[in-house]
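Biologist: I would like a close look at one part of this model. Please take the charged side chains and how they pair.

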Amino acid sequence: MGIYSVELYLQVRLACADGMSQRAAAKRFNVSRDTVRKMLSFSSPPGYRRQSVPQRPKLDGFVAIIDGWLEGDRSVPRKQRHTAKRVFDRLRTEHGFTGGYTIIKDYIREREQRSREMFVPLAHPAGDAQADFGEALVEIGGVEQKAYFFALDLPHSDACYVRAYPAAVAEAWVDGHVHAFAFFGAVPRSIVYDNDRCLVAKILPDGTRQRATLFSAFLSHYVIRDRYARPGKGNEKGNVEGLVGYCRRNFMVPIPKFPTWEAFNLWLEEQCRKRQQDKVRGQSETIGERLERDLAAMQPLPATPFEACDQKGGRVSSQSLVRYRTNDYSVPVAWGHQEVWIRAYVDEVVIGCRSEVIARHPRCYAREEVVFDPLHYLPLIEQKINAFDQAAPLQGWDLPEAFTTLQRLMEGRMHKHGRREYVQVLRLLETFTLADLQAAVEQAIDLGAIGFDAVKHLVLCRIERVPPRLDLDVYPFLPRTTVEKTFARAYLSLLSDRQEAA
């Protein structure tokens, strides 16, 4: 019997209910009597129903072989597992299979459907969270690069917090949490994670996790119970997995363009706040309304936030460099060969000796790079002035044009001593801002006061807001003027000029 419409079923059943015989109904509606009998047995088309399991005589003898191959695939990389085509080729070549490719393909598809994992819907109590990292392309400061964005989701309310970083290092994980807690004004009771190596140093045979040192200190500071999904089972933290995709589709399309990471993160925070006004499918309340229950169940913030930094020890080299994660950072030459401590934050590296901070640098995420601060080397260059032209810390130092002009004038008038005085001028940056020193240098050039003492006097006057008083005896390199005594005969030339004009 073909497939007939529900309308035809209704007409046949009504006609027979009114006393029409099945023979007459079959003739009237142009269907067979067997069809009329089935229409009276079912109120609507029952559809096709298989009466017995399909027989595949050509395949049945090879099922055990196929299952063995596919079971063995569980222990090999995904890209090197059997496809239906490869199974078909091997059966023909190695076992004399004479069937077609379609029955192999259908069997493997049905087998995969039967073996797919099933999941239990989970309820999420208020006050718990899930955290993860995602990736997306962004443009920061005109440079297109990959951003790693931290995402924290509160499954009960679907409230979220997102923050982007140039790298998904341990400090970024912790820094993301610290900013998220400040954003919500509270701390979750527990958080579900995957087994990222920044968090979990090792999974022990009994299934327990050996946490990374920084992460353990963070959990202890906020008193958070950490839970972990099974390796490769992202569904066990499915809410934050969905949040990562939502953020990529809604916050990262088109590619975000911001001048700095901080500007980008402020924008992301604003998107998270706007999202609290939305209603999620299946919910009658907004995210913000349900967030109130989450916040009520969460813990209060501690008195001070956790310091999200990696702490290491190091030693200053003979070139006044300290190594951290393959990169070298400079320190003032006065601290050469001493033991130092290093604190690496997401955006900067701080180096100190004993209780004193001696250097700060923007964090470098490249490898085997050297990060210089030219000011660290000026005292040594002043002593070893012949190294000035080849000093690596000074290469690429982008100073205003006035400094280049001053250097040329000082070297032209005083030669080697002028170069040393120029370095002394640069050392004024240890005390004064570049803007103030630049203004003093430009003023010195305008006055023709080409010397260190003159520049220092001018910058001090600028800071103290007093007019400069340059004494030519104190500054021997200033251009001099000669003022002679006045004699009466000197006016004769003026009188003669007046007579000639008359």
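Modeller: The model is predicted. It holds 29 salt bridges. Take Arg-111 and Glu-71: their side chains meet at 2.9 Å, N to O. Arg-111 lies in helix 7 (residues 101-115) and Glu-71 in helix 5 (residues 63-72), so this pair ties together parts that are 40 residues apart in sequence. Arg-111 is buried, at 15% relative accessibility. Glu-71 is partly exposed, at 40%.

Now Arg-163. Its salt bridge is with Glu-262, and the closest N and O atoms are 3.4 Å apart. Arg-163 belongs to strand 3 (residues 159-165) and Glu-262 to helix 11 (residues 261-275), so the bridge ties together parts 99 residues apart in sequence. Arg-163 is buried, at 6% relative accessibility. Glu-262 counts as partly exposed, at 42%. Both belong to a network of salt bridges that also links Asp-175, Glu-269, Glu-270 and Arg-273.

Arg-90 is next. It forms a salt bridge with Glu-94, with 2.9 Å between the closest N and O atoms. Both lie in helix 6 (residues 84-95), four residues apart, about one turn of the helix. Glu-94 is partly exposed, at 43% relative accessibility. The charged end of Arg-90 also sits over the ring of Trp-69, 4.0 Å from its centre. Arg-275 lies over the face of another ring, that of Tyr-246, at 4.6 Å from the ring centre.

Definitions and conventions. Residues are numbered from 1 along each chain as its sequence is written. This is a predicted model: local features need pLDDT of at least 70, side-chain atom pairs count only at pLDDT 80 or more; totals for chains, interfaces and linings use all residues. Side-chain values use heavy atoms; hydrogens and water are left out. A charge sits over a ring if NZ of Lys or CZ of Arg is within 6 Å of the ring centre and within 35 degrees of the ring normal. A salt bridge is a side-chain nitrogen of Lys or Arg within 4 Å of a carboxyl oxygen of Asp or Glu. Helices (H or I, at least four residues) and strands (E, at least two) are DSSP runs, numbered from the N terminus. Buried means under 20% relative accessible area, exposed over 50%, partly exposed in between (1.4 Å probe, protein chains only).
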